[in-house]
Amino acid sequence: MKIINIMVLAIVLLGLSGCYRTHVKTQSYELFEENKNLSIGGSHIPNMNKQRREIYSEDKYIYVFETPPKCIFGYLTNRDEKEEKIIGWVILSGEEFCKQQIY
C-alpha cells in the first residue's frame, strides 16, 4: 500500500511541477489566427462589447482588443441594417506579439 501511495504522490508532484507542461506548450501565430477565424460569422463580440465599437470604414465597424498584451487587433463587422456579425479581423499593431499557446 505504501508503494502505491509513493507512486501516486510522485505522479502528482511531477504534474504540478510544470515539467509535464513544458513538453505540451506550443506558441504560434497560426493558433492565434485559427482562434480569431472561429469568430467569423458570429454576433457574440458585437453584442457583448458595444463600448469597444468604432467606425472603421464607410461600411464596417471595428471592435478593438489587446489580447495578448501588445497585440492590438480588431474584429470587423458589417455596418448595414442587418444584424451585426463579424466578417473578418485585422491586426492593428504588434503582430510579433500576436501568438497564442495551447496546453
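Biologist: With which residue does Arg53 form a salt bridge?
Modeller: A salt bridge is a side-chain nitrogen of Lys or Arg within 4 Å of a carboxyl oxygen of Asp or Glu. This is a predicted model, in which local features need pLDDT of at least 70 and side-chain atom pairs count only at pLDDT 80 or more, while totals for chains, interfaces and linings use all residues. Residues are numbered from 1 along each chain as its sequence is written, and side-chain values use heavy atoms, with hydrogens and water left out. The closest N and O atoms are 3.2 Å apart, and the partner of Arg53 is Glu84.

Biologist: How many residues apart in sequence are the parts that Arg53 and Glu84 tie together?
Modeller: Arg53 forms a salt bridge with Glu84. Arg53 lies in strand 2 and Glu84 in the loop between strand 4 and strand 5; strands are DSSP runs (E, at least two residues), as are helices (H or I, at least four), numbered from the N terminus. The pair therefore ties together parts whose separation in sequence is 31 residues.

Biologist: Which residues are linked in a network of salt bridges?
Modeller: Glu84 also forms a salt bridge with Lys50, with the closest N and O atoms 3.5 Å apart. The network is made of Lys50, Arg53 and Glu84.

Biologist: Is Glu84 buried or exposed?
Modeller: Buried means under 20% relative accessible area, exposed over 50%, and partly exposed in between (1.4 Å probe, protein chains only). Lys50, at 44%, counts as partly exposed. Because its relative accessibility is 12%, Glu84 counts as buried.
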